[in-house]
Amino acid sequence: MESKERPRQPRVTVHSVAAAAGVSKSTVSRILDERLPRSDSETAERVRKIAAELGYVKDVSAASLRRGSTMTIGVIVPRLTDTVMAMLYEAIVKACARTGRFAIVATTEDKPQADRLAAESLLNRGVDGLILSTARDDDSFPDELRERGVPFVLALRTDRHSLSAVGDDRLGGYLATRHLLDLGHERIGLIAGPNYASSATGRVDGYRQALEEASIAIDPGLIIPSTFSIQSGAEAVAKLMALGNPPTAIFAVNDNTAIGALSALNKMGLSVPDDVSLVGYNDIPIVSHLSTPLTTLRVPFDQIAANALDLLTHTTVVRENQILVSAPTLIPRKSTARLHV
């Protein structure tokens, strides 16, 4: 027996909603446009109710054709296995959804050439612009995009002259180090991250500022370069604790390296915080559930993502090299304690 296909229901359009509500098409368009401030007038409430009852769904493709836009944003991150980058991408997805946009992500393992290939792939798919969290101080890729006229914004990291949405990394590094100083620590080790990432170098600058304000000489031997990985944190802490005069406290410039440091210290038979206090950075979800909950700096990913999208879409008044900075918050937990003298 042949199955009969159900007749396709006509699409509910703005015109359909306008006819049912007894208002103009432009009024319905304005009320249902999520990019505009929400109106709570009686008419607006009625239009939204009728649109829902009729099953109205915004025709994104038609709107995009009218605007010459796909309402799609390309996002480039080093890797999504890094919780920080996953949190940033999720925050960008939420920010996009609030304005009727869609985000597509590409990962590049933090390799400059892969950044270029990912950008080309996303641009060939018609994205309206790019948000990059892979900016490096030793790479000219943002300059290349600017010369081509490609709309883009940097997030979490900045090259200091492109549109950027970042955390206040210098302030965060300062707060982390100041916290340890206030607990009586003066011999403070630093797992410094890579020197090509502004997020890491900013936190190092904050560390230096706090020590200088406390009139404590900076010991270069206490500053260990690393990547952002758990393994590099373990390797860095091994070097710090092998010093003739090891630190009583350690600031790791991200939570992954702090987790690696915590694991390595435990394997050495050292207690955190009784033997060594430890501070991380970012406040990824797992660090509050570790056997020793980690003191860290909470980064406002939602605000950074919203700022990045505002800069990219020029929702706010934008200068050519504008950098929007969001402050982190110190979250004290059980991995830091007063120095026992």
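The lining of the second largest cavity divides into 5 nonpolar, 1 polar and 3 charged residues. This is a predicted model. The second largest cavity holds about 60 Å³ of space. Its lining consists of D115, L132, T134, A135, R136, D139, F141, P142 and L154.

**Cavities**

How many cavities of 30 Å³ or more does the structure hold? There are 2. By class, the lining of the largest cavity has 6 nonpolar, 3 polar and 5 charged residues.

| Cavity | Volume | Lining classes |
|---|---|---|
| Second largest cavity | about 60 Å³ | 5 nonpolar, 1 polar, 3 charged |

**T201 in helix α9**

Helix α9 also holds T201. Is T201 buried or exposed? T201 counts as buried because its relative accessible area is 19%, and the cut-off for buried is under 20%. The T201 side chain makes a polar contact with the R160 side chain, at 3.3 Å. Setting aside neighbours within four places in sequence, T201 is in contact with D137, R160, P194 and N195.

**Overall fold**

The protein contains 12 helices and 12 strands. Its C-alpha trace spans about 80 × 55 × 40 Å along the principal axes. Of its 341 residues, 50% count as buried. Take the contacts between residues at least 6 apart in sequence: 71% of them join residues at least 24 apart.

**Confidence**

The mean pLDDT of the protein is 91. A value of 70 or more is reached by 91% of the residues. Where does pLDDT stay under 50? One such stretch is residues 1-8, with 0 contacts beyond four places in sequence in the model. Another is residues 60-67, for which the model has 5 contacts beyond four places in sequence.

Conventions
Residues numbered from 1 in each chain as written. Heavy atoms only, no water. 1 Å grid on protein atoms, 1.4 Å probe; cavity = no way out; pocket = protein on both sides within 12 Å on 5 of 7 lines; lining within 4 Å. Points joined across faces, edges and corners; volume = space filled by probe spheres on them. Nonpolar A, V, L, I, M, F, W, Y, C, P; charged D, E, K, R; others polar. pLDDT = per-residue confidence, 0-100. Contact = heavy atoms within 4.5 Å. Helix = DSSP H or I, 4+ residues; strand = E, 2+ residues; numbered from the N terminus. Buried < 20%, exposed > 50% of the residue type's maximum accessible area, 1.4 Å probe, protein only. Polar contact = N/O pair within 3.5 Å; in protein donor to acceptor, adjacent residues only side chain to side chain.
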